[in-house]
Amino acid sequence: MKLTRILSVFVLALVIAACGGESSDQQAAQETETTEQARTIEIIGLNSLKFAVEENVDGITVGEQVGTNNELLRLETITAQPGEEITIELTTQSQLPASAMAHNWLLLAMDADVTAFAQAAAQAKENDYVPADQTDQIIAQTGLAGGGETTSVTFTVPSEPGEYEYICTFPGHFQANMRGTLVVKG
């Protein structure tokens, strides 16, 4: 009887030890999954034809204060590492109808002729101002967002270090300087 009790306690201790926690390999795998989630950048498209953010955070560069009450900061650059996952979440602040004021966010290839792309985009109303014959120059893009709407895209940062331009292709917005740069550090 004593031996049975000792064996029962021993087996119970082994079961508890075996089920009591995850191995260090399992914990490391979960931590890796958590750290590899996409970084989200919340961008606001304004009637003043600017990309803006609510606050200055690591990985972006901001400029002057913008917005109705200067409560926002103009987004100028995004800095990223090659292969990093980024989500761009774009919300348009406008009371105008979407046909008069909408925004999108397109990241173009490093060697793209941005001016020529924007000019072609202005003529591509039927394709939400994205030239169908130049999609090979697009790395990532959101859809168009009218006032109060949000659109997003998650993409992998290019592996080649350098500067990549992002723009809004709604007619006249690029020309009004609604653009910025993704800086990929090597």
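## Glu-55 and its surroundings

Glu-55 touches Ile-60 and Leu-73, residues up to four places away in sequence not being counted; contact here means heavy atoms within 4.5 Å. This model is predicted: local features need pLDDT of at least 70, side-chain atom pairs count only at pLDDT 80 or more, and totals for chains, interfaces and linings use all residues. Residues are numbered from 1 along each chain as its sequence is written, and side-chain values use heavy atoms, with hydrogens and water left out.

The loop between β2 and β3 holds Glu-55; strands are DSSP runs (E, at least two residues), numbered from the N terminus. Glu-55 counts as exposed because its relative accessibility is 54%, exposed meaning over 50%, buried under 20% and partly exposed in between (1.4 Å probe, protein chains only). Between Glu-55 and Leu-72, 17 residues apart in sequence, the C-alpha to C-alpha distance is 7.1 Å.

## Arg-74 in strand β4

Arg-74 lies in strand β4 and is buried, with a relative accessible area of 13%. Beyond four places in sequence, its contacts include Lys-50, Phe-51, Thr-61, Glu-64, Asn-177 and Arg-179. A polar atom of the Arg-74 side chain lies 2.9 Å from the backbone oxygen of Asn-177.

Definitions and conventions:
Helix = DSSP H or I, 4+ residues; strand = E, 2+ residues; numbered from the N terminus. Polar contact = N/O pair within 3.5 Å; in protein donor to acceptor, adjacent residues only side chain to side chain.
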